[in-house]
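Dear colleague,

Please find below the structure that I am handing over to you, with its sequence. My notes on what was found in it follow directly after.

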2 protein chains.
Amino acid sequence: MTIIRTPSPDVYCPVTPAIVAELSAIVGAKNVIYADPERMADYAHDETAGVYETYLPEVVVKPATAEEISQITRLANRERIPVTPRGAGSGLSGGATPVYGGILLSVERMNRILELDLENLVAVVEPGVVTNELSEAVQAHGLFYAGYPMSVELCFIGGNVAENAGGGRAVKYGVTGRYVLGLEVVLPTGEIVQFGGKRLKDVTGYDLVHLMVGSEGTLGIFTKIILRLLPSPLASAVLLAPFAAAQTAIAAVPQVIQRGHLIPSAVEFMDYASMELAYDFLGEKLPHPKARALLLVEVDGYSPAEVEAQRNTLADLLLEAGALDIYVGDTPATEKKMWRPRQKIGEAFSALGVEQLDEDMVVPLAQIPPLLPVLEQLARSYRMKAFCFGHVADGNMHLHTMAEPGLTAEAWNAAKAAFLTDLYRRVVGLGGTISGEHGIGFKRVPYLALALDPAVIALHRRIKHAFDPLNILNPGKVFPAE
Amino acid sequence: MTIIRTPSPDVYCPVTPAIVAELSAIVGAKNVIYADPERMADYAHDETAGVYETYLPEVVVKPATAEEISQITRLANRERIPVTPRGAGSGLSGGATPVYGGILLSVERMNRILELDLENLVAVVEPGVVTNELSEAVQAHGLFYAGYPMSVELCFIGGNVAENAGGGRAVKYGVTGRYVLGLEVVLPTGEIVQFGGKRLKDVTGYDLVHLMVGSEGTLGIFTKIILRLLPSPLASAVLLAPFAAAQTAIAAVPQVIQRGHLIPSAVEFMDYASMELAYDFLGEKLPHPKARALLLVEVDGYSPAEVEAQRNTLADLLLEAGALDIYVGDTPATEKKMWRPRQKIGEAFSALGVEQLDEDMVVPLAQIPPLLPVLEQLARSYRMKAFCFGHVADGNMHLHTMAEPGLTAEAWNAAKAAFLTDLYRRVVGLGGTISGEHGIGFKRVPYLALALDPAVIALHRRIKHAFDPLNILNPGKVFPAE
């Protein structure tokens with residue numbers, strides 16, 4: 001791993017030992033990492049595939065309270081030092097990477113579920129709570145937290161909110177933002193403020209809750225998150241439908257959605273390359289000998305009869321659309337097993353240790369079938385091996401690419417930018433955009449202008465300036481500097 | 001009606017005949033109203049109860065395209081003239097009232113459903129489409145637009161988006177914002193920009209779609225709105241539950257939500273005063289001789305069996321909670337009839353022609369039972385007659401008050417500000433806020449600081465400035481001037 005720091009003496013000032021002493025006084029010396037490149041290396045990257053550049057922070061701090069974070073941001077403004085907030089580091093666009101060095105602010109110690117308010121069907125959590133921990137805690141009360149990113153066992157709620165994480169159940173349940181009712185936020189200038197609350201409706205001023213959601217740590221640091229909970233669905237079922245061809249599987253998706261007259265809780269697609277990799281990673285055999293693609297469809301509801309009716313409708317539609325067979329899982333254990341290959345594909349990619357790119361474009365639902373051959377052809381033309389999979393009923397398709405054998409590292413590196421430019425142009429041409437759930441972060445900054453008008457990018461800069469006049473909070477992310 | 005104009009020669013310049021000529025060249029002379037106070041009077045107010053001050057615009061323009069609106073805003077910046085955008089004028093907080101005179105920009109001619117995209121389950125509309133027209137157009141295709149403000153037969157989609165309108169079905173379906181996937185917007189500075197698109201997920205930059213939603217016409221003028229449609233529920237039922245006491249009815253609401261383990265599509269409450277007024281307005285008799293309050297509960301779903309199961313669960317819970325009886329409507333005609341008193345209560349109030357106040361506070365669900373006696377006692381202490389009703393499963397309670405006989409107009413006017421201050425303080429004290437769906441508009445500007453921190457109000461001003469540096473778009477709304 002090459003460790004690079006981008007010092008920007010023109011813009012930002014270095015973290016001196018005196019500043020480290022001040023930070024230690026704020027958060028406690030044992031919650032500061034300084035002059036220890038080995039321990040700091042963990043904070044120098046996230047899980048973005050293909051971002052080889054790793055940016056070491058100058059100092060890592062682990063505050064425990066909003067008040068401490070406020071003091072850190074005030075110090076950073078006074079001294080003009082960049083602050084990069086960080087959750088679990090499971091992001092896929094480099095958003096938590098300290099590209100200008102400075103202070104890395106980890107929320108890992110802020111990991112308490114502060115309140116399960118069963119009367120109001122609300123949870124209040126700190127940003128460092130692992131998403132799955134919240135899910136399990138509320139399940140014990142017959143409740144349901146609908147956020148379901150594939151990294152659910154690792155990622156933090158704070159990161160989910162910062163990225164407006166999507167995941168497997170967005171087609172029915174929406175993305176993270178739908179469940180965020182309120183936030184306590186430390187503004188970049190140090191004020192501790194409340195946006196929203198335990199309220200299902202709120203039009204008292206601008207919707208700053210949802211401006212914060214998805215702002216990728218550039219507009220404020222969340223210190224409390226108020227989430228809406230739902231009653232747990234009482235029944236669910238997963239259908240696994242293997243297909244003999246990827247195009248048949250993908251063409252089934254809009255049909256099932258349009259003709260089914262119901263909204264599944266998930267529709268996941270995997271092409272052959274993705275299936276092969278994921279099943280192999282888990283040491284399992286493919287679900288059908290002729291399978292060259294699969295759809296995983298989940299339904300849920302408040303009665304077994306309702307779920308059975310949905311399941312039957314979907315099974316009929318999938319068979320009509322060319323499924324080779326339908327496997328049904330309707331116990332928690334079988335459902336979990338059927339989800340596993342899809343959930344674990346990210347880990348399977350990481351385990352390969354080869355150079356790769358992970359994209360998550362989104363297009364209008366009906367453009368998903370024409371998108372697939374575009375992706376396949378494009379990867380081929382750049383001599384990349386393509387893996388297509390994703391939350392296709394949202395129009396959200398993941399494309400993972402790797403260098404084909406024989407492509408040199410130099411050729412791969414040279415091809416990347418041209419490939420991404422080409423890819424994003426085509427996706428935008430289909431009415432889509434360059435990221436559905438992973439974010440712009442650092443990785444996609446050079447490409448933002450392919451998706452957004454200059455006037456809209458200029459507006460982003462003015463909004464950022466309204467929050468963070470000295471640009472100390474997570475600089476270098478989301479949009480390019482002027 | 002007293003017609004008042006607030007000229008602000010210090011801040012804004014007057015609309016001269018030369019400017020009117022320029023506006024006429026942009027939109028066509030027949031789409032301009034000038035020097036005609038009688039025709040302009042319709043544009044000088046909205047439906048806010050108790051806002052007696054009526055502000056006459058200097059000129060009314062009715063553009064037909066984004067390009068025309070862009071030219072108008074550029075002219076307004078050049079000449080420093082305020083522009084107040086206006087939908088149907090059915091707002092309840094004075095948001096479309098031209099408090100600084102200037103240009104009233106009506107979107108009434110932009111009333112086309114541009115596209116019903118059945119493949120993508122999306123509608124593209126202009127801002128002047130009446131909400132009910134969209135609902136009916138999509139129903140014909142087995143689809144469902146979930147927005148359901150009580151003024152659905154009058155209000156425009158553009159106004160729904162500007163106010164983030166709530167309404168009857170928000171507890172299950174969320175408010176208007178959930179369905180807004182994309183917007184074409186003319187910025188206050190004249191640029192025509194696109195936010196979002198026909199996409200269910202999008203994390204490409206800040207969520208400017210939802211910053212625009214609920215911004216009450218202060219950050220931009222919508223010219224196209226992309227809305228998500230759902231498959232129509234195939235079955236529904238309405239339960240009308242009369243109760244012998246308001247407190248029994250209201251106490252049932254959190255119980256039904258917490259114990260029912262399902263989410264009704266609507267839960268509406270009416271106290272005795274509201275019932276009496278609404279049923280009387282419609283020439284109908286009350287549903288039960290002993291009824292002193294009622295709950296209207298709606299459920300829907302994709303199968304009759306599912307809806308029947310929900311209906312039975314709810315009926316049992318309502319009877320357990322003290323309902324005198326349960327009346328069930330499960331045909332479109334009976335359902336419509338059962339909704340009517342609730343839908344028409346606004347018109348019933350307007351028909352009275354007496355001075356009144358209409359409030360729509362929101363509190364956490366579990367605070368709805370303690371809120372009711374607070375509202376009743378507070379109204380009494382100010383010698384006002386109280387009508388309590390609303391979307392109580394959202395925690396959104398409407399309080400309508402009128403002067404009791406014997407209270408003079410002077411005493412009423414003197415009491416209003418003190419009453420609202422007292423009311424809002426108590427609501428905020430319960431973890432609530434001052435408006436759940438009507439907005440701050442002009443009416444609640446003096447009270448915003450009761451709900452939001454000074455740092456949050458300052459942030460509103462900086463965001464507004466980022467969009468509208470000369471403050472020409474809908475000035476005087478949402479937050480107080482510095």
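**The interface of chain A and chain B**

Between them, chain A and chain B bury about 6400 Å², of which 63% lies on carbon and sulfur atoms. Three residues, A:Lys201, A:Val203 and A:Tyr206, supply 16% of the area that chain A buries against chain B, more than any other three residues. Please note that this is a predicted model. In terms of contacts, 84 residues of chain A touch 84 residues of chain B.

How are the two copies related? Chain A is superposed on chain B by a rotation of 180 degrees with 0.0 Å of shift along its axis, and the RMSD is 0.0 Å. The two copies are thus related as by a two-fold rotation axis. Of the interface residues of chain A, 100% are also interface residues in chain B, so the copies meet through the same surface.

In a salt bridge, the side chain of B:Lys201 meets that of A:Asp394, at 2.9 Å from N to O. Across the interface of chain A and chain B there are also 34 residue pairs in polar contact, with both residues at pLDDT 80 or more. Several elements give two or more residues to the side of chain A that touches chain B, among them helix H6 (170-173), strand S11 (192-196), helix H7 (208-212), helix H8 (246-260) and helix H15 (454-467) of chain A. The element that gives the most to this side of chain A is H15(A), with nine residues.

**The seven-stranded sheet, described in chain A**

In chain A, seven strands form an open sheet in the order S17-S14-S16-S15-S19-S20-S18, and the pairing is antiparallel. At the edges stand strand S17 (327-329) and strand S18 (356-362) of chain A; each has a single partner strand, so one side of each is left without a neighbour in the sheet. From one strand to the next, the twist averages 15 degrees.

Within this sheet, strand S15 (residues 266-271) and strand S16 (residues 293-301) of chain A form an antiparallel pair over six bridges. A:Phe269 stands opposite A:Leu295 in S16(A).

Which helices accompany these strands? Helix H9 (residues 272-281) of chain A lies across strand S14 (235-243), S15, S16 and strand S19 (384-391) of chain A, and runs at about 95 degrees to S15(A). Helix H11 (residues 332-352) of chain A packs on the sheet and touches S14, S15, S16, S17, S18, S19 and strand S20 (396-403) of chain A, with its direction at about 60 degrees to that of S14(A).

**The five-stranded sheet, described in chain B**

In chain B, an open sheet of five strands has the order S7-S8-S12-S10-S11, with antiparallel pairing. Its edge strands are S7 (113-117) and S11 (192-196) of chain B, each of which pairs on one side only. The twist here averages 10 degrees from one strand to the next.

Strand S8 (residues 122-125) and strand S12 (residues 221-228) of chain B pair in the antiparallel sense over four bridges. In this region, B:Val124 stands opposite B:Ile226 in S12(B).

Helix H3 (residues 66-79) of chain B packs on the sheet, where it touches strand S10 (180-186), S11 and S12 of chain B, and its direction makes about 50 degrees with that of S10(B). Helix H4 (residues 131-139) of chain B also packs on the sheet, touching S7, S8 and S12 of chain B, with its direction at about 35 degrees to that of S7(B).

With kind regards

Conventions
Residues are numbered from 1 along each chain as its sequence is written. Chains are lettered from A and ligands numbered from 1 in the order in which they are written. This is a predicted model: local features need pLDDT of at least 70, side-chain atom pairs count only at pLDDT 80 or more; totals for chains, interfaces and linings use all residues. Side-chain values use heavy atoms; hydrogens and water are left out. Two strands pair if DSSP finds at least two bridges between them. Axes are lines fitted to C-alpha atoms, for helices over the stretch in contact, and angles run from 0 to 180 degrees between N-to-C directions. Contact means heavy atoms within 4.5 Å. Copies are superposed by least squares on the C-alpha atoms of residues with pLDDT of at least 70 in both. Buried area is the accessible area (1.4 Å probe) that two parts lose on being put together, summed over both. A salt bridge is a side-chain nitrogen of Lys or Arg within 4 Å of a carboxyl oxygen of Asp or Glu. A polar contact is a pair of N or O atoms within 3.5 Å; within protein, one must be able to donate a hydrogen and the other to accept it, and residues adjacent in sequence count only if both atoms are side-chain atoms.
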